[in-house]
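Thanks, everyone. I will go through one structure today, starting with its pocket and then moving out to the strands and the charged pairs. Please have the model open while I talk.

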Amino acid sequence: MPRTTTIKAAFGVALLSALAVACAPPERRPDLDSRLADIGLRPAEDLERLPRSGLESWQYLGPRQLLLIAREATYLLQLNERCQLHPESRLRLGGDADSFAAGDSLWMGPDRSCRAEQLSRMEKVGEAQ
C-alpha cells in the first residue's frame with residue numbers, strides 16, 4: 001500500500017473517531033437525589049430558616065445546591081435559577097445575625113449574590129424521618 005494511501009486511511013479513521021465523539025450524547029450529571037444518596041443523605045424536612053450557630057463548613061453539590069454543615073445537623077441550600085456556584089466559590093451568608101432564611105442572599109463576592117430558594121434539614125439514609 002503506498003504511503004499516501006496509508007496516511008489518508010489513518011486520517012480518515014481519526015476523523016471518524018472525532019466525529020463519533022462529537023456526536024455522542026453528553027454525559028448526564030446524576031440528579032440531586034442520586035448525588036445525595038451517594039453521600040448517604042436525604043431531605044428530612046423543609047425549613048423556613050436555619051440557625052447560624054454551629055455552622056462549620058459547606059460542601060458543593062452543583063451550580064445551584066450546596067450542603068451547609070453544622071455541629072448538630074446538615075442542611076441543603078438550593079439557590080435561584082440564575083445562580084452559578086463553583087466548587088472554589090468563597091461564600092458569605094446574608095440574613096440576620098441569628099439565622100439564615102429562604103429568600104436571604106448568599107454572597108459570592110462584594111457584588112455578586114444569589115437568593116436562597118429552599119432550605120432543608122438532611123438526615124442520614126436509614127434514619128427514621
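Strand 3 gives the largest share of the lining of the largest pocket, 4 residues. A pocket is defined on a 1 Å grid over the protein atoms alone, as an open set of points where a 1.4 Å probe fits, with protein on both sides within 12 Å along at least five of seven lines; a lining residue has an atom within 4 Å of a point.

Before going further, the ground rules. This is a predicted model, in which local features need pLDDT of at least 70 and side-chain atom pairs count only at pLDDT 80 or more, while totals for chains, interfaces and linings use all residues. Residues are numbered from 1 along each chain as its sequence is written, and side-chain values use heavy atoms, with hydrogens and water left out.

Back to the pocket. The space in the largest pocket is about 180 Å³, where volume is the space filled by probe spheres set on the grid points, and points are joined across faces, edges and corners. Which elements supply at least two residues each of the lining? They are strand 3 (55–62), strand 4 (65–70) and strand 6 (92–93). The lining includes Leu-55, Glu-56, Ser-57 and Trp-58, along with Leu-66, Leu-68, Arg-92 and Leu-93. By class, there are 7 nonpolar, 1 polar and 3 charged residues in the lining. Nonpolar here covers Ala, Val, Leu, Ile, Met, Phe, Trp, Tyr, Cys and Pro; charged covers Asp, Glu, Lys and Arg; the others, Gly among them, are polar.

Arg-35 sits in helix 2 (residues 32–38), and its side chain makes a polar contact with that of Gln-65 at 3.5 Å. A polar contact is a pair of N or O atoms within 3.5 Å; within protein, one must be able to donate a hydrogen and the other to accept it, and residues adjacent in sequence count only if both atoms are side-chain atoms. Is Arg-35 buried or exposed? Arg-35 is buried, at a relative accessible area of 15%. The cut-offs are under 20% for buried, over 50% for exposed and partly exposed in between, with a 1.4 Å probe and protein chains only. Arg-35 and Leu-61 are 26 residues apart in sequence, and their C-alpha atoms are 7.6 Å apart.

Now the overall layout. The protein has 2 helices and 9 strands, in the order α-α-β-β-β-β-β-β-β-β-β along the sequence. Of its 129 residues, 32% are buried.

Strand 9 is next. Strand 1 joins strand 9 through 6 bridges, antiparallel, with Glu-45 partnered by Arg-121. Strand 5 (residues 74–79) is also antiparallel to strand 9, over 5 bridges, and there Leu-79 stands opposite Ala-116. Strand 8 (residues 105–107) pairs with strand 9 in the antiparallel sense over 3 bridges. Leu-106, one of the pocket-lining residues, stands opposite Cys-114 in strand 9. Strands 8 and 9 form a hairpin with 5 residues between them, and Gly-109 in the turn has a positive phi of about 150°.

Last, the charged pairs. How many salt bridges are there? The count is 4, taking a salt bridge as a side-chain nitrogen of Lys or Arg within 4 Å of a carboxyl oxygen of Asp or Glu. One of them joins Arg-42 and Glu-123 at 2.8 Å, N to O. Arg-42 is in strand 1 (residues 41–47) and Glu-123 in strand 9 (residues 113–124), so this pair ties together parts 81 residues apart in sequence. Glu-123 is buried at 3% relative accessible area, whereas Arg-42 is partly exposed at 28%. Another salt bridge links Arg-115 and Glu-117 at 2.6 Å, N to O.

Notes
Pairing = 2+ DSSP bridges.
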